[in-house]
Amino acid sequence: MSHSVALSFEDGVTRFITCEDEQTVADAAYRSRINIPLDCRDGACGTCKALCESGEYDGGTYLDDALSQSESDEGYCLPCSMKPTSDLVLQIASTSAVAKTQAARHDTVVTAVEKLTPTTVRLAVEAPAGGTLAFLPGQYVNITVPGSEETRSYSFSCVSGSDELEFLVKLTPGGLMSTYLSDTAAVGDKISFTGPHGSFFLREAQRPALLLAGGTGLAPILSILRTMAAESSTRSVHLVYGVGTDDDVVQLDELAGLASTLDAFTWDHCVSDPSTTAANKGYVTTLLNDAHLNGGDVAVYLCGPPPMVEAVRTHFTEAGIEPTGFYYEKFAPSSAAAKESLDDDTDSATEVLANDDRTSTIDAAVATADADVVPAASADLEPALDGRSIFGRAVFGSRVKEPLHKRDTGFSASDEAETMRAIAGQRVAVVGSTADQGGLDEGSDLVLTPEAHSVAAQRIWSSRDIQPLVVRSSEAPPVSASSSGYEIGEEHPSVHESDAVFEARRALELGALELVIGRLSSQQISGYRLLAETTTRYVDGDRFVDAAAYTETNAAFHDYLFTQTGNEHLLQAYRALGVKAAMEEVLRNATWCDPLCAQDHLDIVDAFEAGDRERARTLIADHADRSKATMKRAMHESRSNKRPRFVSPGRFAGKVVLITGAAQGIGECVARRIGAEGGSLILADRSELVESLTEEFRHDGVDATPVIADLETWEGASSVVDAALAAHGRVDVSIHVVGGTIWAKPFAEYPPEQIEKEISRSLFPTLWSCRAVIPHMIERGGGTIVNVSSVATRGIHRVPYAAAKGGVNAITATLALEAAPHGVRVVATAPGGTDAPARRVARGPAPSTEQEKNWYQAIVDQTVESSLLKRYGTLDEQAAAICFLASDEASYITGTVLPVAGGDPG
Ligand code: FES
């Protein structure tokens, strides 16, 4: 039994969690990603002390030092030890902020303001004292512009651990930071920033890297190169640096110096201004050649505006190259900033556009790479918040006050489409937009379907998206993290494959490690350990005790590390990989788990507690390998389990077989067997799962056509037959499986609406399907209909369902009479209890109250008792009977309902 616990924080925020039987409140809170104060986790320190406003609980065991008798009498309690016995309301002695990911704030002073060229300034500040700041090469901070409340974002161009932090700023007339730097900035000025932010950073790998920098997008690339130099990296790296005018060219001497330090580093640069004196005139894509792409086995790191990202992506597509990793940080300028820049220097606005007709038609305003930020008051945008601008360019706030296309900005609706906010790889129009989203997605590598594939800015995979992960790779979805208008993303052509998912997770975790190792407090370690320990409950040696619970708690464990970085983008990037969704799909019925997987979690926490960086790195890498092994074994077992146990080769060769309810359970099993026996399949279901099943069949060489339809309606049923006739011109066999009990209860307890729904679910799909297909079979002068009934016509606690299945029996008998003269057979099976994996799409709500569970259990007991074999049947046993009746082997059987229930005649 579960209880709802309201956690009321000091700042007035209340969060609700569900606490299961025998689960402590702290455990439930951490699994819900709410990190309440915690230290000993054992009732010894009192850190977690809370006040219970209402409800009953078992306080557990604890020391008096942690909670005195008088405190207990007053209602104080220890969430690490207490287990609710009713719903609770607890006052938590902290603010809700402890549960959130928050970037640290740093106060420092300016150490250098150096005008490198007429358009670009090098800004340096003192590194915060005490080693409190660590960042990854490629990350950025949000700097509060002195004398204002506004923040602007700039990437580090230096190495983490430097005494002086360095940034490159493109000057834009009127820009807030530009004005400060040009007019008043001086060494010694106080300045503050938050960060580090962003998930754009160099991942550890040996494969060659291709770095592409547009304008002052050079800053994070410099940080990457300087870090590699500091580490004496031997990794092969090539940089292409593109700018608009000669004035924008900076740090060439620095790049030359890096090239002399790094043996495997080469670079080139170009200027798009036709009057340039640079050796290369043009855009970054003109300097890319096959050697840089290494046949696709290359990690591309690109920092530039959206058109540059798209131009490079297009270049790769046209070259037939899919980089193993494509990491990008792109941004869109504010309308006002763009317009300012246009007024100022239209040419520079197109500095990094590819030499490509399609992209070069994009309005110059959109292509502005180095527009400085502008005051919020003139930007027509929400005041900038953390993460809403990057590299000094304002980006869209969470809400644009007015549709961009209605303002005098030079933006058209199509331009707007290019600058639409991208959320987790799926473009989303601004409020009030008239841009055509459908057209936008067409032909792109973005999500094609209009339905949302992202939740709370986190891309999720539906089950059918996941299916290819299990069997093969097909396309490369973008994996992006976007918080507020700009987009950081990564793409991998093979991310559907579980190995790629776990390798990407490992790369992110190794980055997160660098940010937090040696910096976690004892309370943070306690929370981490609590989550690690929780995962161990769901494995026993090399067996999953509960794979679903393991997946859930494992996700909470891995989330936690990213949460502790204080960097929301890293957390989003991790979640966007879809590790949890992939595990949920693959491990649903898994039994084997690498025996060290859960132990790894505990060991990783130990390594973090000890500040043992190398040990933590090794464990994270090994854990990724063990996760991959667990997934691979589960996929193999899943494929083996799906193979039909019995097959009569060629029995349905040349036959067109329509199956309703084909996505799961008996219908799916029948489809697998008939597919294996040579039949051409029409797979009908209300669930989209039928599409992924079809893909799997086609991959195995089985002819299959999916039809999504609501078979409770005449329109749905007739559309399925229409689709079959359109695909094959005939239906030889029609197998009607749809149906099933929704609720289990005595008849007197059924409200009328539930009775109607039961009848609609279990009678009409067969009635309509028979009606839809019979004219065609009569016209052809042959065919077979197999209906799936039930022995529940004599079962308890499901009278409406039994009535529906009695109707199926009647349809079978009477239609057989009418159809026999036309050479059409109509038969049925009546399954008894059948063991099947948990349904991916539930028929109805699971029994929740004790009474409902008892009613359901009574059905189970009666089903087993009435079977002479005293057991449930299997899917294979049900499919065997259906396939026999559907085949020519049963050519002398019609009008019969065959019980398949271990001797229960129904
Ligand atoms: S008493 Fe609960 S964390 Fe120590």
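Which residue in β33 does Val733 stand opposite? In this predicted model, where local features need pLDDT of at least 70, side-chain atom pairs count only at pLDDT 80 or more and totals for chains, interfaces and linings use all residues, Val733 stands opposite Thr784 in β33. Residues are numbered from 1 along each chain as its sequence is written, and side-chain values use heavy atoms, with hydrogens and water left out.

Strands (E, at least two residues) and helices (H or I, at least four) are DSSP runs numbered from the N terminus, and two strands pair if DSSP finds at least two bridges between them.

Ser734 in β32 is the bridge partner of Leu658, while Thr660 stands opposite His736. Val733 and Ile735 point one way from β32, and Ser734 and His736 the other way, all of them being buried, that is, under 20% relative accessible area, as against over 50% for exposed and in between for partly exposed (1.4 Å probe, protein chains only).

With a disulfide defined as a pair of cysteine sulfur atoms within 2.5 Å, the count comes to zero. Cys77 is in no disulfide, the nearest cysteine sulfur, that of Cys52, being 5.3 Å away. Cys77 is buried, with a relative accessible area of 1%, and Cys48 also counts as buried, at 8% relative accessibility.
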